Amino acid sequence: MPLSPELTKSIIDAVASNFTNELSFIQKAIQYGGQRGEESTIQEEIYAQYKSRGYKTTKLDMDHEALSKQYGAGKISAKHSKAPVIVGVLEPTSPTAGGKSLILNGHIDVVPTGPAELWTHDPYSGVVEGDWLYGRGGADMRAGNVANMFALDALRSIGKRPASKVIIQSVPEEESTGNGTMATHIAGYTADAVLIPEPTNEQLIRANVGVIWFQVAVAGRPVHVLKATEGSNAIESIWKIIGGLKELEKEMNAQKKGRMHFEELEHPINLNVAMIEGGDWASSVPAWCKIDCRVALFPGVRAEEVAAQIEEAIRKVAATDSFLRDAPPKITWNGFFAEGYVLEPGSDAEETLKIAHKTACNTELLSCTMPAYLDTRIFSLFQKIPALCYGPIGENIHGFDERVNVRSVQRVTAAIALFIAEWCGLEDSN
């Protein structure tokens, strides 16, 4: 049964009346900072917040052995975060017939800031100017993570609670392996649907690429620069390998033809050479060089298939170089090893979100393709449940002056609260 106009209004009003507190907590979350491996402090804060709200709250460690055996998990490296996953479970007191269970998931990890002097404000300031909240991770996605919690708060403030189980999750490692959310899957947390409020500009993600991270290391033959022709320059060898990888990128993008959701995108598959290190001395031919890369893959394409293509592309380059033939480049898979997904239209969860969005935002819910990694793929591919990625308007994500639209956060929080009320049903809180 649809929500009554009176109940709908009371939920939207409850979000609005508590939005000052929500905005302050998003600012606080940004100010915690915390690069990869440094998320434990803010996760302790999230744990305390869940506990204070009466959720059955758990700190879940990412079991490296279990993850190493799980297909689709990211590759473990020395940089992998040891911060816990925080899971809160809100059980109904008297389950209502027809109500469905729900996971609310959000990641807490953020990407590096880059040079602070290129930001208008300190990257962890959380400053508000006009209708924008600035700071690393504000859009991607501490605002969405906090919105999950405050959507449930809005229901409690009007004396209601979900009439079906709600599992709320705050996870690290979304930006590098996906292993935080994968750990919740391994632990058995599942529901009838999941909602993840990534910064999607108030649209629903219809399709999403997979992602692989890898490193290529090359050795050289060091000599004094006066005898450069007798050595082998590792950095120049890496240039050749980058050229081969870019040719592979072209081939992969050519395969977009006939792929629904991707054919109209100009360049859906991006191979990013993201980091490079090499050499020890300006007057020595460099003996070593390594690059760290990221490449996307279309839904339905297996990560192993793309990994094999990468290996072959590098092998072909090495075969043309007299030194690399005898000293082959070393390839290390060191993060994401993930496949993409497509959200098939027509699920009850999507129809429920359409109504909630239209009510909160006064617009029809649009969908789009996102050629980047999303944890929604874990629920879609491994749990086979409707995986809704839908969140606020954000700009400069992973760039300088990252920001999230304040009014959009309020609208999305209201949409989440309305979605919970309709999807899970409501009962009176004690």
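Biologist: Against which elements do the buried residues of α8 pack?

Modeller: This is a predicted model, in which local features need pLDDT of at least 70, side-chain atom pairs count only at pLDDT 80 or more, and totals for chains, interfaces and linings use all residues. Residues are numbered from 1 along each chain as its sequence is written, and side-chain values use heavy atoms, with hydrogens and water left out. Helices (H or I, at least four residues) and strands (E, at least two) are DSSP runs numbered from the N terminus; buried means under 20% relative accessible area, exposed over 50%, and partly exposed in between, with a 1.4 Å probe and protein chains only; contact means heavy atoms within 4.5 Å. The buried residues of α8 pack against β10 (210-219), α7 (234-254), β12 (288-297), α9 (322-326) and β13 (330-338).

Biologist: Which residues of α8 are buried, and within what arc do they fall?

Modeller: The buried residues are Ala303, Val306, Ala307, Ile310, Ala313, Ile314, Val317 and Ala318. The arc is that of the directions from the helix axis to the C-beta atoms. Seen down the axis of α8, the buried residues line one face of the helix, because they fall within an arc of 140 degrees.

Biologist: How far apart are the end C-alpha atoms of α8?

Modeller: The expected span of a helix is 1.5 Å times one less than its number of residues. For the 17 residues of α8 (residues 303-319), this gives 24 Å. The model agrees, with the end C-alpha atoms apart by 24 Å.

Biologist: Is glutamate 312 buried, partly exposed or exposed?

Modeller: Glutamate 312 is found in helix α8. Its relative accessible area is 32%. Glutamate 312 is therefore partly exposed.

Biologist: How many residues of helix α11 are buried?

Modeller: Helix α11 covers residues 376-383 and is largely enclosed by the rest of the structure. Its buried residues are Thr376, Arg377, Ile378, Phe379, Ser380 and Gln383. Of the eight residues in α11, the number buried is six.

Biologist: With which residues is threonine 8 in contact, leaving aside its neighbours within four places in sequence?

Modeller: Threonine 8 is found in helix α1 (residues 5-17). At 14% relative accessibility, threonine 8 counts as buried. Leaving aside neighbours within four places in sequence, its contacts are Leu3, Thr359 and Leu418.

Biologist: What is the order of the open sheet of three strands, and why is one side of β14 and of β15 left without a neighbour?

Modeller: Strands of a sheet pair through backbone hydrogen bonds, either parallel or antiparallel. Here two strands pair if DSSP finds at least two bridges between them. Both β14 (341-342) and β15 (367-370) stand at the edges with a single partner strand, so one side of each has no neighbour in the sheet. The pairing is mixed, and the order is β14-β9-β15.

Biologist: Which residue of β18 is the bridge partner of leucine 133?

Modeller: Another open sheet has four strands in the order β4-β5-β18-β17, with antiparallel pairing. Its edge strands are β4 (128-129) and β17 (394-395), each pairing on one side only. Three bridges join β5 (residues 132-134) to β18 (residues 403-405). In β18, the partner of leucine 133 is valine 404.

Biologist: How many disulfides does the structure hold?

Modeller: A disulfide is counted here as a pair of cysteine sulfur atoms within 2.5 Å. For cysteine 368, the nearest cysteine sulfur is that of cysteine 389, 8.7 Å away. For cysteine 424, the nearest is also that of cysteine 389, 18 Å away. The number of disulfides is zero.

Biologist: What is the radius of gyration of the chain?

Modeller: The secondary structure of the chain comes to 12 helices and 19 strands. The radius of gyration is taken over C-alpha atoms, and the globule rule is 2.2 Å times the number of residues to the power 0.38. For 430 residues the rule gives 22 Å, and the chain comes close to this, so it is as compact as a globular protein of that length. Its radius of gyration is 23 Å.
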